[in-house]
Amino acid sequence: MKLVEKDDSTRTWRVQEASPNELYKSYEMAIKVSGTTTASVTISARFVSAIKNADDRRNDIAYHKVHLLGATVRDVLNFVVAEKIGRKHRIDEEVDISRDKLWGIMGNFNDVTWIPNASFAQVSGDSKNITFSNDPNCFGGHGNVDARLVWYDSSDWLMVLEYTGRMPTKFYREKIQLFSTGPNKTRVTYEYTALPDKDETGETFDKWFIPTITNRVAYLKKMFEDEFDDGDHDVSPSGPPSGPPVFPKGAYSTLAQGRVNAPVKEVWKVFRPFGKDCLEYWKIYESMKIEPPGKDVVGCVRSFVTSKTGSHIKERLEWRDDINHVEIYSMLSMTPPPPVTMSNVYTTITMTEVGEKETEVKFECTFDVSVSFAVSRIQDNQKGAYMACINGLQQLFHSEVGTLEVVVGSAADLARTDGWFDADPYVVVAVNDGKPVTTKVCSATQKPIWDERFQLPVTSRTRNVIFTVLDRDTVGQDDIMGTANVNLDELTSGKEKKMALDVQGGGTLNVRLYLKMHDKPKEPEGEKLVTSLAIPFLAPVAQSELDAIRNEFTNLITSFLGPGQKYEYVYMQRLRTHPDVPLEEYPAACVPMPTQEMFTPHKAGRLMQRLMEFIGSQAQIMVRLAQVKGLWDPWKANFSGYLPANERLIEEWQKDEEFCRQYLQGINPMVVALCKDQSRIPAEMLGLKGQGKTTLQLMEENRLFIVDYAPMLGVPATPGKFFYAPIVLMYKEELAGGKSRLNMLGIQLTRDKGKNEVYSPESAKTQPNKYMFAKMHVVSADNNVHQFLYHLGYTHLGMEPLVVAMHTHLPPDHPIHRLLLPHFRDTIGINYLARHSLVSRIFPITDPMFATSTVGGLVMFLNEWRKYNFMDMAFPEELKRRGFDEARSDGLEGYFYRDDGFKLWNVYKTYVTGMVNHAYADDRAVQADKALQEFCKMTEGPGQLNGFPREIPTKKLLIDCLTNIIFNVSAQHSAINFPQYDYYSFIPNRPAQLSSPMPDGPNDMLQSAVLEALPPPQFTSLQVLLSYMLSMPSQTAITGVEAMKEVYPDVHERFNTQLLDLSKEIKARNEGLKGEGKVAYTYLDPENVAMSIDI
Ligand SMILES: [Fe+2]
């Protein structure tokens, strides 16, 4: 602009644009001052616009009319006040907070938390009315002032305000500007110009006004000093000095709290808006808005509608403390009104930093209510609402809302970190606190070209992509060469952006970024549950409540107990849904259940207690699910104080060694076999190698082991569930020091005529997820085979005919009755329960749980039962068929089921031999025992215990037969029953079912697909519950058997001593294992072996 006219007589100035520009072809402005006692300033502009677009042109003209000319007049006024007639003052203060964060507060026109004593502001356009509490230090005790935004420039961190209305000045303007002086330091310059009221001199005005403004800036400084003070926090945190107003405290209160895995400031930022923004995380409301004038400040009222009941509720924001992260609101009304009258309903939300990335959110509500019986109902509803908020916040911070594709291209002019030498640069890319990815290392160059592409998940709260350039050092830590950041706000979804980033530290980094936002946040598994189940929130169950329920149940059972009844066979009834499956071929059962076979009240009480512990634990599962972090954590949510986690297993389960170890020491040690027969090995698996040896070489060296899930072949499929009949090959891996262990060769899931895919540690190098999924299919098959065949079939159901036959034909004083009685304790009772629940013909609860469904599991057992032979299944025989013997000629280490089993078998055999030798002089005495022979006939005939000798002519057979019975109902059942909780409670280790088959094609599957195939945590409660209930330790261990104590005391003594010696031996071995950091095998320690199938 150039001055073209200055006329002192008319007090007129005229300025002109020197030459046309893109906005104006010509531009002239005139300023005229008139008046004598008061000055009047007139400014006018004349211009010819150069703006072609009609709308833009109109906007520019409007801007002149509405803003520019008026602002210029005020600028003139401000100049006059500042330089001629009024007062001006400037304060500089350094504040301990980053400029961005401080601007986030001060630059927010709605926010008055940084102004001392300001309680709230009502904003309308560029004006706001600030209410101050009546404090004499603040603008002379004036209650309200009006402020108008004159100038606002975020890029310059600059804001100019004029205060009008009830100010003790004729004119007041303040200019606030922020300058960054460090990562967490900002210099605030605060300048004001003021024209005091006419009855006040400039000096008296300065005397009180300068301290007022100085105090305001000092307050700002103190606010953040406290916030970043790492020292003593015993001093109560500083909020606005006046603190929250005192609210009436109701007689009742509700408390809910939970954690959100994000920094407290970020959680607060999201939570803070009082209006419709809450719907983003508080999903139980249909709509929410702040009532007119619609300003989100203390005193505003929000009204919302609940989705579930459609109630309209109004709440007022009573207090908000952004420093301490506290909010208080009160309930004003509810339509339709609740059936009871509620009053003084104040809710306080407090957010506390727990860790750098964790925030505890606490809701506390106090209220009064007209009738006290409604209190718990109200509390439940409130807790539900509060937990929905906490869970929603958690979900918001951890939902994937998009993906970011990053291409790390090249870099130039990077700083030198190794003196003369060129660096070996690589880049680590992370989206905020997400999992970082790393490029390859470019060797010996300052101009690296990586050209690598990554895909990173973007969560809703993500703001920055951080690139860190590092120099790979062979010795010591890698040096940081520099960093560069990109704010995601700079990117447009669906558009690729090429960027040359300045590396802080020196140089340029060339990247390409492509942001793709989903339409809706993608909810990870587990979090879905939180949304759907968060409302019916249960409080944890107290121990005293558990005891009371147990006692009540015990008393109930006691009242049913009556005199004994007859033992009779009945055949299993066909499933209502599958009348074609002939379940009557199953081992016979006992019905009706004789009352003396019922559980003792004590045992029923213990079972009930365990059930209640489980329920008590499940009550909090939503809270735990809301806190999940890791990939497998949703399934860890099943664990609690009542239900402990097998931490070691959770650490190790994905490893091959652990997978193999479980075949020897886990829940199902019944399937591994030494492979000596090439025809058992599928052709596709012949190429597998272990320690450089081929499958056949390993077989030659007695080092090849096989698991063949052939029983799964005949199982009918159920829609939505997928299973295979896998074949697993393992080998004995020779370790240093003459040690060895079982390790993995490979898995083949299918048995098709064409080509079958084999998954192995080798294939895992390129397809790690497929390999893991193949292993999961194996353990899922194992779970089904273990439960239906070995556990339910061969032990529980298979042994029941013996109990009925014994009570029918062997009188109570018969030595065999005496011998067997303790070993049949509770078997009919537990089987009765299983038949009426787990495999009930009407509503079998195993149906949704297992891959085979109930019918598939029962068909599998039926197929195998048709081939079953009781005597062939005797422990030594069964092991021999799988290639194992007492001498451990198989050379396999750590097969403790085999080691301890043989020892226990021998103790049993000595015991039974002693008894038989006492009771029967010779074979003829056995043959002459009619009761015994009838017992055999009944068991094998109507009892349908296949392979049981129809008659027993020799003492030897009698000994073998009785040893087999006792071993099967005690040691065998204990070995495959009690490890259930240890191995089944963490679902990924042994899922009962998977919902997808192995994907075809040459590519690896996504890890998310593996997770999706697992039953989600809410459907796994039954597996956890069953494993917990059925692992309830027996209170009648084999060491407590006294069957022979009175009749053959020597037999009893020897049995007892041998058992205790064996227990000591096993305990010592286990101590040694623990010392080596290995897992102890405790299930066949006689002190842990139940004398009967009693659970
Ligand atoms: Fe069992």
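Modeller: The model is a predicted one. Strand β20 (residues 425–431) is joined to β21 by two bridges, and the two run antiparallel.

Colleague: How do you know that β20 and β21 count as paired?

Modeller: Two strands pair if at least two bridges are found between them. β20 and β21 have two bridges, so they meet that cut-off and count as a pair. Within this pair, V429 stands opposite V437 in β21.

Colleague: To which sheet do these strands belong, and in what order do its strands lie?

Modeller: The sheet is open and is formed by four strands in the order β21-β20-β23-β24, with antiparallel pairing.

Colleague: Why are β21 and β24 said to stand at the edges?

Modeller: β21 (437–438) and β24 (479–487) each have a single partner strand, so one side of each is left without a neighbour in the sheet.

Colleague: What makes β8 a partner of both β7 and β9?

Modeller: The same cut-off of at least two bridges applies. Strand β7 (residues 127–132) pairs with strand β8 (residues 144–153) over five bridges in the antiparallel sense, and I130 stands opposite V145 in β8. Seven bridges join β8 to strand β9 (residues 158–164), again antiparallel, with D153 opposite L158 in β9. In the hairpin of β8 and β9, four residues lie between the strands, and W157 takes a positive phi near 50°.

Colleague: Which residues coordinate the iron ion, and what makes them donors?

Modeller: The iron ion is coordinated by H791 (NE2), H796 (NE2), H973 (NE2), N977 (OD1) and I1095 (O), at 2.2 to 2.4 Å. A donor is an N, O or S atom within 2.8 Å of the metal, so these atoms qualify. In sequence, the spacing of the donor residues is H-x4-H-x176-H-x3-N-x117-I. Distant parts of the chain are linked by the pair of H791 in helix α14 and I1095 in the segment after α26 (1049–1075), which are 304 residues apart.

Colleague: Why are H791 and I1095 called buried?

Modeller: Buried means under 20% relative accessible area. H791 has a value of 5% and I1095 one of 2%, so both residues count as buried.

Colleague: Which elements supply at least two residues to the lining of the second largest cavity?

Modeller: They are α12 (656–665) and α14, and the largest share, four residues, comes from α14. The space in the second largest cavity is about 100 Å³. Its lining residues include W653, F659, M772, K775 and R990.

Colleague: What makes K775 and R990 charged members of that lining?

Modeller: Lys and Arg count as charged, so K775 and R990 fall in that class. The lining of the second largest cavity has six nonpolar, three polar and two charged residues.

Conventions: Residues numbered from 1 in each chain as written. Predicted model: local features only at pLDDT ≥ 70, side-chain atom pairs only at ≥ 80, totals over all residues. Heavy atoms only, no water. 1 Å grid on protein atoms, 1.4 Å probe; cavity = no way out; pocket = protein on both sides within 12 Å on 5 of 7 lines; lining within 4 Å. Points joined across faces, edges and corners; volume = space filled by probe spheres on them. Donors = N, O, S within 2.8 Å, 3.2 Å for Na, K, Ca; no water. Buried < 20%, exposed > 50% of the residue type's maximum accessible area, 1.4 Å probe, protein only.
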